[in-house]
Amino acid sequence: MDYDSQQQKPGADSTTAGYDPNYVPDSVKSFVVHMYRHIREKNVYEIHQMYETSFQSISDRFFKDSPWPSVDAVALYVDNDHVFCLLYREMWFRHLYARHSPTLKQRIDSWDNYCSLFQVVLHGVVNMQLPNQWLWDMVDEFVYQFQSFCQYRAKMKSKTEQEITLLRQYDQAWNVYGVLNFLQALVEKSTIIQILEQEKEGLVQFTATDGYDYNGGSNVLKVLGYFSMIGLLRVHCLLGDYHTGLKCLQPIDISQQGVYTSVIGSHITTIYHYGFASLMLRRYVDAIREFNKILLYIYKTKQYHQKSPQYEQILKKNEQMYALLAISLSLCPQVMLVEETVNSQLREKYGDKMLRMQRGDDEGFALYDELFSYACPKFITPSAPTYEEPLVNYNQDAYRLQLKLFLYEVKQQQLLSGVRTFLKVYSTISLGKLATYMEVDEPTLRTILMTYKHKTHAVDSNGKITSNADLNFYIDDDMIRVVESKPAKRYGDFFLRQIVKLEGVISDVDRIKLE
């Protein structure tokens, strides 16, 4: 495919006005020559430095308002190496998506480039080591561009005849089956599931080496396969298939440190989508537990990522996960699962809203709508549009459906908030007395209590039924007997915080020079 197709007609887009795809500044020549050499020498540290730092600084200096030079223009500096050119184009498109609005042709060209790159990884001999950050970004960007394409294609009202012709002509570009097949093929060809199983038995090392091969081999296929499991979770969440998404992630034990935690973007994406899928499947305890851990981790480490290009994305996901935690705790009040630091941040951000959400009135219902809309993924409709007139936009359809399903669940749970309030007060209460308090008859109350039992239980990833409730009850004749689970008090956290405070005071005192 001719790379000059990246150029648009004069005036088509102000960002590329005056852009010469064949002009290669000296700093770009130096960048590609050194990057090519480091890749050939498998110098992962230097590749990472150039990828993370040099590429960003050159982009800021020369290519704020235009794309990088075309691959044809730089190919002669890298011996026309086919694999390097595919990697360069992958970065080229990522920069384009981040800074400009890609045209339909550019979206299709990027799909073709990913197809070629993944085909080489799957069927060629890839004799190189690449940084985990880059391999994660490849999978992450691949899914992002798929999501972006689906959103773009679904806005049919403003499409020109030329765009519609291109969409019909390239109907396989960013096809949902193609995307899922590539990710699944990377998982299977890399044998990553078997590698992780063998690691549990102590037969191989994968996590301990962060997926790198210190014996001169390649980490590319294995690590791409590993990150593709997270990519599959994300795609299935975008499609609203939460059960399949969590199934795809199952080989990775997220209760432990893993290769997914070695890259901050991968860590956050994994837990955000795991937590969201768990929330939608009513596995509230799992969602709360994981949101708590990642929010505490971000709180402790975000200052180290301030210069990272991902910093804004980290902050955005952080805020979204606080909103999802607020929803989870409002539906399943298990505050003892949340660490004090996270809880104080949560109260600061959403304390007032959570109180209103738990009241179960229309205002609370509207707040669930607001927080869900803010924090949910950008759901997609993967099917091709109908090209017959009149052309309609359907980019919001998938989101509206997921919101409707979520609010339907909330509505059902709001009926139960009154039951929980009474059960928290009494250790025993007769059915008749509770029915009187709740202003319903006894048969209706029995139905409500059965519904409460149902809604506070969920099926976990192993198919077992687990309870999300912080209190349990059983009916003995006509008496309701309540068993409240008392959380074990955790003194360790309190003492550790006081020790840290004391050490701070001592170091402050030591710094004061007595006159």
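In this predicted model, helix α11 spans residues 242-249, and its buried residues are Tyr 242, Gly 245, Leu 246, Cys 248 and Leu 249. Those residues sit on the same side of α11, because the arc they cover around the axis is only 155°. And what do the buried residues of α11 pack against? Their partners are α10 (220-239), α12 (264-280) and α17.

Helix α17 also has a contact with α16. Two packed helices are described by the angle between their axes and by the distance between those axes. For α16 (residues 362-375) and α17 (residues 397-414), the angle is about 145° and the axes lie 10 Å apart. Their crossing is right-handed. On the α16 side, the residues that meet α17 include Phe 365, Tyr 368 and Phe 372; on the α17 side, Leu 403, Phe 406 and Val 410 are among those in contact. Sorted by class, this contact has 8 nonpolar, 4 polar and 3 charged residues.

Now for the cysteines. How many disulfides are there? The count comes to 0, taking a disulfide as a pair of cysteine sulfur atoms within 2.5 Å.

| Cysteine | Nearest cysteine sulfur | Distance |
|---|---|---|
| Cys 237 | Cys 248 | 9.9 Å |
| Cys 376 | Cys 237 | 11 Å |

Are these two buried or exposed? Cys 237 counts as buried because its relative accessibility is 0%. Cys 376, at 8% relative accessibility, counts as buried too, since the cut-off for buried is under 20%.

Conventions
Residues are numbered from 1 along each chain as its sequence is written. This is a predicted model: local features need pLDDT of at least 70, side-chain atom pairs count only at pLDDT 80 or more; totals for chains, interfaces and linings use all residues. Side-chain values use heavy atoms; hydrogens and water are left out. Axes are lines fitted to C-alpha atoms, for helices over the stretch in contact, and angles run from 0 to 180 degrees between N-to-C directions. Helices (H or I, at least four residues) and strands (E, at least two) are DSSP runs, numbered from the N terminus. A crossing is left-handed if the near helix is turned anticlockwise from the far one by less than a right angle, and right-handed if clockwise. Contact means heavy atoms within 4.5 Å. Ala, Val, Leu, Ile, Met, Phe, Trp, Tyr, Cys and Pro count as nonpolar, Asp, Glu, Lys and Arg as charged, and the others, Gly among them, as polar. Buried means under 20% relative accessible area, exposed over 50%, partly exposed in between (1.4 Å probe, protein chains only). The arc is that of the directions from the helix axis to the C-beta atoms.
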